Each structure stands twice: as C-alpha cells, then as structure tokens.
Amino acid sequence: MFKFIKVWTKSRDPKSPRYRRDFANELDGEHIKYVTERHGDNEDVIGKEGAMVVKDEEDIFLVYASHEILFRCPIPELSAWYLMSGDGVVLTGPDIEHDGQVRTITAYFTYHRK
C-alpha cells in the first residue's frame, strides 16, 4: 500500500548501509547461470547454476553455486552494481569464506527481464 513512499525515501548514496541493504534485498533469490572472477587477464568461471541469498538474522549476503558457497559477505560491507547489459551484477567485499580476503565476482542471471 505504501510502496510509493518507500520509493520516495530510497537512499541514493551507494556507500550508505541502507542503500547496500536495499540492493542486497533486491538481489535476494535471484537465480544465477554462472559466476566468474577475474585473475589477471583471465575471467575464470568459478561456479554454475545457483542463487543469491540474504541471511537476515546474520546480516550476510551469500552467493551459492555449484553446490557450494562461493561468496559470503556482511551486507554493510558489500558493494554491488548491475552490469550495463542488465544480465548480471558485480559484487565486491570481504569474503568470509576465504579468510576475509576482498574479492570481486560477477554473477550472471539465468533469465533477466524487468
């Protein structure tokens, strides 16, 4: 009913925790075709067939693909933006799964239509 108020009061600062939480919630449940990570000049596929999940009780964002968790990041520290094509999203942040190392991965959606 009051969805229009939420749109009016939406945060526009990509560095604010509210913006990051809203973006993560927007990605929650999105299906993934494959996930890539850049190593030098190569774009390596690190996972296929998965989803992006928000764990509200832990304030964590997960990327799950190839039957394993590829990326786990606290939402307040997550930076994310859509690809210009709209086919996926780039995620950057400290990865708890890999000892807090800051990683940048690209997740491509299975079917994107909005």
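Two residues are in contact here when heavy atoms of one lie within 4.5 Å of the other. The structure is a predicted model.

**Overall make-up**

The protein chain holds 2 helices and 7 strands. Along the sequence these elements follow the pattern α-α-β-β-β-β-β-β-β. Of the 114 residues in the protein chain, 38% are buried. The accessible surface of the protein chain is about 7400 Å², and carbon and sulfur atoms account for 52% of that surface. Among the contacts between residues at least 6 apart in sequence, 39% join residues at least 24 apart.

The 7 strands form an open sheet with antiparallel pairing, in the order 4-3-2-1-7-6-5. Strand 4 and strand 5 (79-82) are at the edges; each has a single partner strand, so one side of each has no neighbour in the sheet. Neighbouring strands of this sheet are turned against each other by 30° on average, with direction ignored. Helix 2 packs on the sheet and touches strand 2, strand 3, strand 5, strand 6 and strand 7. The direction of helix 2 makes about 55° with that of strand 5.

|---|---|---|

Strand 1 and strand 2 form a hairpin with 2 residues between them, and glycine 40 in the turn has a positive phi of about 70°. The hairpin of strand 2 and strand 3 has 4 residues between the strands, and aspartate 59 takes a positive phi near 60° there.

**The nonpolar core**

The largest nonpolar core has 21 residues. Leu27, Val35, Met52, Phe61, Val63, Val89 and Leu91 touch the most other members of this core. At least two core residues come from each of helix 2 (17-27), strand 1 (31-39), strand 2 (42-55), strand 3 (60-65), strand 4 (68-74), strand 6 (88-95) and strand 7 (101-109).

Leucine 91 shows how parts of the chain meet. Leaving out residues up to four places away in sequence, leucine 91 touches Leu27, Met52, Phe61, Val63, Phe71, Leu78, Ser79, Ala80, Arg103, Thr104 and Ile105.

**Proline 74**

Is proline 74 buried or exposed? Its relative accessibility is 18%, and buried means under 20%, so proline 74 counts as buried. Beyond its neighbours within four places in sequence, proline 74 is in contact with Asp59, Ile60, Pro94 and Ile96. Asp59 is the residue with a positive phi in the hairpin of strand 2 and strand 3. Proline 74 and valine 54 are 20 residues apart in sequence, and their C-alpha atoms are 9.7 Å apart in space.

Methods. Residues numbered from 1 in each chain as written. Predicted model: local features only at pLDDT ≥ 70, side-chain atom pairs only at ≥ 80, totals over all residues. Heavy atoms only, no water. Core = buried A, V, L, I, M, F, W, Y, C linked by side-chain atoms within 4.5 Å. Buried < 20%, exposed > 50% of the residue type's maximum accessible area, 1.4 Å probe, protein only. Areas by Shrake-Rupley, 256 points an atom, 1.4 Å probe, with all protein chains shown as cover. Pairing = 2+ DSSP bridges. Axes fitted to C-alpha atoms, helices over the stretch in contact; angles between N-to-C directions.
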